[in-house]
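Subject: Structure handover

Hello,

Here is the structure I said I would pass on.

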Amino acid sequence: MIPPRKFRAFIRLTRPIFLLGGVLMYGLGVAIAASQGAAVDIPRALLGQWMVTSIQAMAQYANEYYDFEVDKLIAGNRTFFSGGSGVLQGGDLPPAVALFTARVCAISAVVSIVIVATFQPIAAVIGLIALAGSWYYSAPPLALMGSGWGELSTSIIVALLAPAAGYVLQTDRFDPLLVAISLPLVLIHWAMMIAFEFPDYEADLAVGKKTITVRIGLFRAAFLHNAQVACAAMALIALALTVRPARLVWLALPLAVWQFAAVWRRQRNGWTHYGALTIGAVGLFVLTAILFLVGFAALR
């Protein structure tokens with residue numbers, strides 16, 4: 001029997017609340033399909049969610065394992081959303097637990113992808129791309145998280161491939177509208193990934209983890225973050241004016257302005273209060289996705 005302390009530590013390692021992001025993005029794809037008249041196939045929807053959640057959980061556990069040394073150095077700069085769970089560094093669980101669980105989730109993802117492939121090959125290909133990109137985000141030999149490309153690849157997986165899987169499984173086709181809706185979400189998620197790297201900067205630099213923030217420095221990374229937020233805001237305005245289900249995304253713009261200003265202030269005055277910065281980054285992404293979801297769900 002697993003001791004209660006170890007069980008609680010495993011739950012902290014898992015960070016279940018983070019898995020809700022995959023549910024949200026996958027659900028957005030299903031909602032877009034339903035808004036176009038598709039009758040939601042519940043077994044397909046659940047199978048696709050199994051695939052998406054398995055891949056996401058695998059990525060989280062693998063990142064905890066392969067980012068052990070960096071997360072160990074972060075210490076006081078760890079926030080709720082960045083720097084890992086701290087479970088492995090605190091000795092509550094051995095690192096091998098994270099690696100083993102990541103492999104179990106990878107097997108679960110492969111099984112779901114094989115089942116999906118029997119009736120919807122496009123969705124299976126989406127799953128395979130997401131699985132490979134998520135594993136090699138942290139794992140060698142690619143270790144994309146230190147290549148300068150990990151932030152963008154993860155954002156594409158989360159903000160484009162996850163909703164695409166939900167949509168394709170319900171409609172058996174791909175719609176360019178998905179790309180239009182996903183574009184601002186990819187940009188916002190990419191900016192969020194960079195915001196997560198601000199508190200990790202010194203630790204990443206110390207161990208030679210060459211994230212995009214380490215490669216270009218804090219000042220340029222802040223500029224890139226704000227350029228992404230600004231471009232996303234312009235895309236949201238365009239979508240709100242031209243796509244009826246997107247009309248609610250106007251409500252995310254004040255938070256976009258706040259996040260832009262928060263990074264700009266730190267760029268000029270010094271890097272402090274990382275918790276508020278990462279909360280703002282996550283809040284902007286989640287709020288925008290929810291507003292899209294509500295808009296498309298209302299048209300069903």
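At what angle do helix α8 and α11 pack, and how far apart are their axes? In this predicted model, α8 (residues 177–207) and α11 pack at an angle of about 165°, and their axes lie 8 Å apart. An angle over 145 degrees counts as roughly antiparallel, so α8 is roughly antiparallel to α11. The crossing of α8 past α11 is left-handed.

Which residues make the contact? On the α8 side they are Leu177, Ile181, Pro184, Leu185, Ile188, His189, Met192, Ala195, Phe196, Phe198 and Pro199. On the α11 side they are Tyr274, Leu277, Thr278, Ala281, Val282, Leu284, Phe285, Thr288, Ala289, Phe292 and Phe296. Of the residues in this contact, 19 are nonpolar, three are polar and none is charged.

Helix α11 covers residues 274–297, and alanine 298 is in the segment after it. Is alanine 298 buried or exposed? Its relative accessibility is 56%, and exposed means over 50%, so alanine 298 counts as exposed. Alanine 298 and alanine 34 are 264 residues apart in sequence, while their C-alpha atoms are 9.8 Å apart in space.

Last, the cysteines. How many disulfides are there? With a disulfide taken as a pair of cysteine sulfur atoms within 2.5 Å, the count is zero. Cysteine 105 has a relative accessible area of 13%, which is under 20%, so cysteine 105 is buried. Cysteine 231, at 38% relative accessibility, counts as partly exposed.

Regards

Definitions and conventions
Residues are numbered from 1 along each chain as its sequence is written. This is a predicted model: local features need pLDDT of at least 70, side-chain atom pairs count only at pLDDT 80 or more; totals for chains, interfaces and linings use all residues. Side-chain values use heavy atoms; hydrogens and water are left out. Helices (H or I, at least four residues) and strands (E, at least two) are DSSP runs, numbered from the N terminus. Buried means under 20% relative accessible area, exposed over 50%, partly exposed in between (1.4 Å probe, protein chains only). Axes are lines fitted to C-alpha atoms, for helices over the stretch in contact, and angles run from 0 to 180 degrees between N-to-C directions. Angles under 35 degrees count as roughly parallel, over 145 as roughly antiparallel, 65 to 115 as roughly perpendicular and the rest as oblique. A crossing is left-handed if the near helix is turned anticlockwise from the far one by less than a right angle, and right-handed if clockwise. Contact means heavy atoms within 4.5 Å. Ala, Val, Leu, Ile, Met, Phe, Trp, Tyr, Cys and Pro count as nonpolar, Asp, Glu, Lys and Arg as charged, and the others, Gly among them, as polar.
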